[in-house]
Amino acid sequence: MDSLRPAGEWPSFESFVTLLFYRDLGDAFVRECGGRGDGGADLIFMWQEWSPKQNEWVNSRPVIVQCKHTKEPRKATNRVGLSSVREMRAVALDHYAAETYIVTNGGFTRGAIEYSLLHDIRLIGRERLRRIFTEALRLRDAVQLAGSP
């Protein structure tokens, strides 16, 4: 996860995070926005929902993800700070987001964590990301084992 490349190069950290979110969001479609000038949203997941009121299929409220990859994730100075979480709150409000995430291969400052709890922004740091990835690999291995004769 630390050796992944910046947005626009393969395999990128954003691509890695996209695959992990697809596992839970199923039939969602994603718009990858990553890079400078992305407006704070690297990934925007949406899907179609039936609206009985409008009697048609409509786009869901989006799930927005900001990816923060660092080359030296264990350095205390490389933690995602309060300003990044505040920015994501503004992005979430602009997009009428159903859910908002910040994902990093590093950690978060205390201020970032406290602010995220007040404003329902979900933070996924290094250890949780590693657990999610390990679980996904176990699931993949179990599916492959079940499918073999």
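Ala92 touches Ile64, Ala97 and Thr100 when residues up to four places away in sequence are not counted, a contact being a pair of heavy atoms within 4.5 Å. The model is predicted: local features need pLDDT of at least 70 and side-chain atom pairs count only at pLDDT 80 or more, while totals for chains, interfaces and linings use all residues. Residues are numbered from 1 along each chain as its sequence is written, and side-chain values use heavy atoms, with hydrogens and water left out.

Ala92 lies in helix α2. Its relative accessible area is 14%, so Ala92 is buried; buried means under 20% relative accessible area, exposed over 50%, and partly exposed in between, with a 1.4 Å probe and protein chains only. The C-alpha atom of Ala92 is separated by 9.2 Å from that of Gly40, 52 residues apart along the chain.

**Helix α2**

Helix α2 covers residues 82-95, which makes 14 residues, and its first and last C-alpha atoms are 20 Å apart, close to the 20 Å expected at 1.5 Å a residue. The expected span is 1.5 Å times one less than the number of residues. Helices (H or I, at least four residues) and strands (E, at least two) are DSSP runs numbered from the N terminus.

The buried residues of α2 are Ser84, Val85, Met88, Val91 and Ala92. Seen down the axis of α2, they fall within an arc of 115°, so they line one face of the helix; the arc is that of the directions from the helix axis to the C-beta atoms. An α-helix has 3.6 residues a turn, so residues three or four places apart point the same way. On the other side of α2, Ser83, Leu93 and Asp94 are exposed. The cover over the buried residues of α2 includes β5 (63-68), β6 (99-104), α3 (110-118) and β7 (122-124). Tyr96, which follows α2, has a positive phi, near 50°.

The axes of α2 and α3 come within 7 Å and cross at roughly 25°. Helix α2 is therefore roughly parallel to α3, a term for angles under 35 degrees. Axes are lines fitted to C-alpha atoms, for helices over the stretch in contact, and angles run from 0 to 180 degrees between N-to-C directions. On the α2 side the contact is made by Leu82, Val85, Arg86 and Arg89, and on the α3 side by Gly111, Ala112, Tyr115 and Ser116.

Ser15 and Cys67 are 52 residues apart along the chain, and their C-alpha atoms are separated by 9.9 Å. Ser51 is in contact with Glu56 and Val58, leaving aside its neighbours within four places in sequence.

**The chain as a whole**

The chain has four helices and seven strands, and from the N terminus on its elements run α-β-β-β-β-β-α-β-α-β-α. Of its 149 residues, 40% count as buried. Among contacts with a separation of 6 or more, 52% are accounted for by residues 24 or more positions apart. The chain exposes about 9500 Å², of which carbon and sulfur atoms supply 52%; accessible areas come from the Shrake-Rupley method with a 1.4 Å probe, and for residues only the protein chains shown count as cover.

Terms used: Parallel < 35°, antiparallel > 145°, perpendicular 65-115°, else oblique.
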